[in-house]
Amino acid sequence: MKITIIHGQSHQGSTCNIARLLAEKLNGQVEEFFLPRDFGEFCIGCTACFAESETKCPHFEKLLPITKAIDGADVIILASPVYVYHATGAMKAFLDHYGWRWMVHRPEEAMFSKQAVCISTAAGGGMKSTNRDMAHSTFFWGVAKTYQYGVAVMETSWERVSAKKKLKIEKKLNLLAQKIVKRQGQIEPSIKTKMFFYVMRQMQKHGFNKADADYWERKGWTKKKRPW
């Protein structure tokens, strides 16, 4: 099993440790990226990725190592601490660069057989809205199954998180890891994902954006072929 972790911060705090603990339980090959250390560019809104090609993005080459890691992974872990009840700015800036991959445009076929986990921590609250920030992208990428795990660690340092809290976290991660391993290799997109795909399929038949319409036609998705 190949696992790619995208950390929404460059320090190794509670969120980082929990993401790594889950990856350890999955017992796979892990590749990690830290934002903004490994990618810190902001989308400039040029729309070249939509209108022409993702290769026209001025940050395409810099983003490519992460893109390749995501595409080659069986499990994608997006991990962000809560910043003012949302994902970090670095995580948001990163996800902004994949708008062209949403199902409304040119989704990557491999996504429809992947699993993803959105992980967030806070001293207090905001985990639900933070995970939702990241899960929006994994859904619209077409990821077959996305899990969300948020926990209030009641501390600003992983070292100071209580042993009782860490034990509770470990039990939750054990259950989550078991689900992921059990579904590995036999995961299929949810009904919601398939329904959204079919709506986008109908839209692409009208060819509102040539780059997208040509992509769907090449894939055979406007006819009988499906990405799952």
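## Charges over rings

A charge sits over a ring if NZ of Lys or CZ of Arg is within 6 Å of the ring centre and within 35 degrees of the ring normal. K145 meets this rule: K145 lies over the face of Y147, 5.4 Å from the ring centre. K192 has its charged end over the ring of F139, at 4.8 Å from the centre.

## About the model

This is a predicted model, where local features need pLDDT of at least 70 and side-chain atom pairs pLDDT 80 or more, while totals for chains, interfaces and linings use all residues. Residues are numbered from 1 along each chain as its sequence is written, and side-chain values use heavy atoms, leaving out hydrogens and water.

## Aromatic pairs

Rings of Phe, Tyr and Trp (its six-membered ring) pair if their centres lie within 6.5 Å; planes under 30 degrees apart are stacked, over 60 edge-to-face, and the rest tilted. The count is 16 aromatic pairs.

Take F112 and W221. Their ring centres are 6.3 Å apart and their planes stand at 75 degrees, so this pair is edge-to-face. F112 is in the loop between helix 4 (89–96) and strand 4 (115–122), and W221 is in the segment after helix 8 (210–219). Helices (H or I, at least four residues) and strands (E, at least two) are DSSP runs, numbered from the N terminus.

## Buried rings and a cluster

Buried means under 20% relative accessible area, exposed over 50%, partly exposed in between (1.4 Å probe, protein chains only). F112 is buried at 1%, and W221 is buried at 0%.

W221 also pairs with Y215: centres 5.8 Å apart, planes at 80 degrees, so edge-to-face. Y215 is buried too. One aromatic cluster includes F112, Y215 and W221, along with F197, Y198, W216 and W228.
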